Amino acid sequence: MKSLLAENEIARLEVLRQYRILDTVCEAAFDDLTLLAAQICNTPIALISLIDDCRQWFKSKVGLDVESTPRDVAFCAHAILQPHDILIVRDTLLDQRFANNPLVTSDPYIRFYAGAPLVTSDGYVLGTLCVIDRIPRDLSPEQQNSLRILSRQVMSQFELRSNLDKLELITTAERQRTEDLISALSHDMRTPLLATRGTLRAMLGGAFGTLSDSCREGLEDCRQANEDVLKLVEALLDISRHQTPVLKNLNYEILNWKNIFAEAIIRSNANWQQKQIIKHQISPSLPTVYGNELEIQRVVQNLLENALRVTKPDQSVSLAVVALGDTEVKVSVRDNGPGIAPQYKERLFHRFSQQRGRSDLSELNLYLCRLIVEAHGGRINVESILGEGNTFWFTLPVAPQSRLQNRHEI
C-alpha cells in the first residue's frame, strides 16, 4: 500500500521539522493526553503520530511498543489528507485501503482506527491523535468530539514547546551579548581604575605635598570607593574568564587542604579590617581529591570573607573539611550572622540574587564560587536559620587523577 501525499507536502514537512519535535524524549504533557484519549474512547491503543517523509513516528503511545512504522503502511498518512475531519475506519477488513495492510494482517492486528488531525494555525497537518482497537467498532458523537478537543490540546502543547524553544534561543543570545558587553566594559575600566589607585595612594603618601585633615579624609573616601569599584570589575573579569573555557587551561593536582586553608585564612584576614577568630578543622584520613588548588583556595577565601562580613567582631567563624563516604569531600564555612530569608536562598548563587543587605561584590563572588565548584564536578549550597547563622558548603568528588587531568577548563 502506498500512501498519498498532500498538495503542500514539501511545505508541510518543513513546518514539521521547524517544531523540532521529531525523535524527542517522552514528555508527561503528551503522555497524559494520549492516555486520556484511550480512556475516553475505550481503546487499548492510542498514539500521537507525526508523519515524516518516510515514516510515522510516535511522540507518545499507549498499548504499543514500537517507536515508528513505515509511512506507506501508516493509517495516519491517510488521516492527514483530511485536515477538517476525523478519519474513522470501523472495520479494516472491509476497507480496501487497509484490508491487506501488514498492521492489519499481523501484529498489532488493527481492526478499528480513528485519527484526529493535528493542524497548525496555518493549516498544515503534522500528524494525528489516533485511537486503535483490535475489534471492529465505532465512536459515539461524544467520543469523536472529545478526540477532536484532545487533538487541539496536543497541538497547543506543540505550540507551547516551540515557543519556549524560540524564547530560550533569544534569551541565550541576549544573555551572551550582555555578558560580552560587561566583560568588555570591565576590561576597559580596569586600566583607569588602577591608574587612579596609584595616584590616590601617592597623594595620600605625601607625593604632592602635605594634606590637611579634611583633604586627607576626602581622598581616603575616594580611595576606598575606587578600591570597591576595582574589586567589582575584577570579579566580573574573573566570571567572564571562567565562562569562556577557551581562555582557561588549568592543571589539576592533589589538593593540599592544609595549604588551602592557611592561605585562605591569611588572605581573608588581610582583606578584612576587623580581625576575627577563624577556627578550622581538617578531618584525618581524607580521601585524595584532584583539582586546581588556586581556584579551590579562591572559593574557600570568598566563603570566608562572606562569613566575616556578617559575623560580629566578638564571634568566630568555623572552617572545616570532612569526607562524605568514599565519593566526596565536603568543605563548610559556618558563621553567626543573621541568616538568610528562604525567598533569597534559591537564587543566592546566581549572578545577581538581589538579596537585601548583600553587596554586589558578595553576590558576584558567590556566583564565581558556584562556577568553580561546578566545573570541578561538585555542588555548592547554604544551610541557614534566621537569627542563628549560615553554613555555606561545597563538595568535590573523589576521582582518579586520570579522569581529571583531561579536564582543562573550569
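Welcome to a predicted model, in which local features need pLDDT of at least 70, side-chain atom pairs count only at pLDDT 80 or more, and totals for chains, interfaces and linings use all residues. Residues are numbered from 1 along each chain as its sequence is written, and side-chain values use heavy atoms, leaving out hydrogens and water.

Let us look at the salt bridges (a side-chain nitrogen of Lys or Arg within 4 Å of a carboxyl oxygen of Asp or Glu). The whole structure holds 17 salt bridges. Here are some of them:

| Pair | Closest N to O |
|---|---|
| Arg161 and Glu27 | 2.8 Å |
| Asp85 and Arg148 | 3.3 Å |

Arg148 meets Asp85 in a salt bridge. This pair links distant parts of the chain, 63 residues apart: Arg148 is in helix α5, and Asp85 is in the loop between α3 (76-79) and β4 (87-89). Helices (H or I, at least four residues) and strands (E, at least two) are DSSP runs, numbered from the N terminus. Asp85 is partly exposed, at 40% relative accessibility.

Glu9 and Arg12 are both buried. They sit 3 residues apart in helix α1 (residues 9-18), so about one helical turn separates them.

Note on methods
Buried < 20%, exposed > 50% of the residue type's maximum accessible area, 1.4 Å probe, protein only.
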